Amino acid sequence: VSTQSTGMTDLGLMARRFAENDPSLTTVCLRDKPALGDEDGKAIAAVLEINTAVTSLTLHHTRIGDLGCTELMNAIRGNTTLRVLQLSRNPIGDSACAAIAECLRRNQVLEELGLSQNCIGEVGSTLIAVAMEDNATLSRLDLSRNRIQVSGGMALGAGLACNGALMSLNLGHNKLSDAVVVAVAAGLRQNSTLMALNLDCCGVGDTGASALAQTLGETNALTQLCL
């Protein structure tokens with residue numbers, strides 16, 4: 001169900017369909033709904049705790065921030081059906097990342113997490129990076145267009161060395177540095193699953209590019225690299 005195509009904006013009706021586990025309701029897309037805020041996020045989270053049908057949920061360009069995201073992540077910890085969660089273009093910051101990290105540690109089915117165009121910075125990205133070391137199911141992670149800089153980027157690079165599930169990582173349009181790219185390259189040498197890496201508009205210089213080039217000659221997994 002997409003609110004763009006059906007015009008359905010009654011969150012109460014959608015919540016009832018969630019709660020009823022309507023088997024035909026497997027994909028829910030709420031895009032460009034800035035009227036939706038943290039309270040709506042809490043309502044959706046409450047339903048996710050009991051829903052066993054929805055496999056894909058998109059909440060793109062809303063006002064769901066740290067509080068709503070925290071509730072969603074707490075609900076998804078034990079969810080056994082949701083495989084795709086898109087939370088791009090929302091005011092989600094570092095305060096929600098402890099819940100995101102704990103969800104990544106405990107959830108065993110989520111395969112794709114989109115957090116592009118949020119406000120996640122150094123602290124939040126580091127929490128996510130550490131949690132990814134214990135995650136065995138997430139294959140796609142999008143952290144592009146956030147506020148990640150050196151320490152967060154270094155943590156994500158180090159995390160690649162320990163993660164054996166991630167196949168696609170997007171860090172584009174963050175203020176990284178050559179030091180971060182060197183760390184990412186080092187992590188890739190010990191990673192056998194990552195196939196796609198996006199470092200577009202991250203300020204990659206000659207040193208970083210050289211480290212990546214050397215890594216490409218040492219790994220068979222990476223097939224897509226965007227600089």
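Me: What should I know before I start?
Reply: Residues are numbered from 1 along each chain as its sequence is written, and side-chain values use heavy atoms, with hydrogens and water left out. The model is predicted, so to speak of local features pLDDT must be at least 70, side-chain atom pairs count only at pLDDT 80 or more, and totals for chains, interfaces and linings use all residues.

Me: How do I read two packed helices?
Reply: Two packed helices are described by the angle between their axes and the distance between the axes. Axes are lines fitted to C-alpha atoms, for helices over the stretch in contact, and angles run from 0 to 180 degrees between N-to-C directions. Helices (H or I, at least four residues) and strands (E, at least two) are DSSP runs, numbered from the N terminus.

Me: How do the axes of H7 and H8 cross?
Reply: Helix H7 covers residues 150–160 and helix H8 residues 178–189; their axes come within 7 Å and cross at roughly 10°. That makes H7 roughly parallel to H8. Angles under 35 degrees count as roughly parallel, over 145 as roughly antiparallel, 65 to 115 as roughly perpendicular and the rest as oblique.

Me: Which residues of H7 and H8 make the contact?
Reply: Contact means heavy atoms within 4.5 Å. H7 brings Val150, Gly153, Met154, Gly157 and Leu160, while H8 brings Ala179, Val180, Ala183, Val184, Gly187 and Leu188. Ala, Val, Leu, Ile, Met, Phe, Trp, Tyr, Cys and Pro count as nonpolar, Asp, Glu, Lys and Arg as charged, and the others, Gly among them, as polar.

Me: What about H5 and H6?
Reply: The axes of H5 and H6 come within 8 Å and cross at roughly 10°, and the two helices are therefore roughly parallel to each other. Among the residues in contact are Ile100 and Leu104 of H5, and Leu127 and Ile128 of H6. The contact of H5 with H6 divides into ten nonpolar residues, one polar and one charged.

Me: Which residues of H5 are buried?
Reply: Buried means under 20% relative accessible area, exposed over 50%, and partly exposed in between (1.4 Å probe, protein chains only). In H5 the buried residues are Cys97, Ala99, Ile100, Ala101, Cys103 and Leu104. These pack against helix H4 (66–76), S4 and H6.

Me: Is Ser95 buried or exposed?
Reply: Ser95 is exposed, with a relative accessible area of 60%. Look for Ser95 in the loop between strand S3 (84–86) and helix H5 (97–106). Not counting residues up to four places away in sequence, Ser95 touches Asp66 and Thr70.

Me: Is Thr215 buried or exposed?
Reply: Thr215 counts as buried, at 1% relative accessibility. Its place is in helix H9 (residues 206–216). Beyond residues up to four places away in sequence, Thr215 touches Ala185, Leu188 and Arg189.

Me: What can phi tell me?
Reply: Most residues other than glycine have a negative phi, and most peptide bonds are trans. Here Arg89 has a positive phi of about 55° although it is not a glycine; Arg89 lies in the loop between S3 and H5. Phi of Cys201 is also positive, near 55°, and Cys201 sits in the loop between S7 and H9.

Me: What volume does the largest cavity have?
Reply: The largest cavity has a volume of about 50 Å³. H7 gives the largest share of its lining, three residues. The lining divides into seven nonpolar, two polar and no charged residues.

Me: Which residues lie nearest the centre of the largest pocket?
Reply: They are Arg140, Leu141, Asp142, Ser168 and Asn170, out of 16 lining residues. About 200 Å³ of space lies in this pocket. Ser168 is in strand S6 (residues 168–170) and counts as buried, at 13% relative accessibility.

How values were computed: On a 1 Å grid over the protein atoms alone, a cavity is a set of points where a 1.4 Å probe fits but cannot get out, and a pocket is an open set with protein on both sides within 12 Å along at least five of seven lines; lining residues have an atom within 4 Å of a point. Grid points are joined across faces, edges and corners, and a volume is the space filled by probe spheres set on the points.
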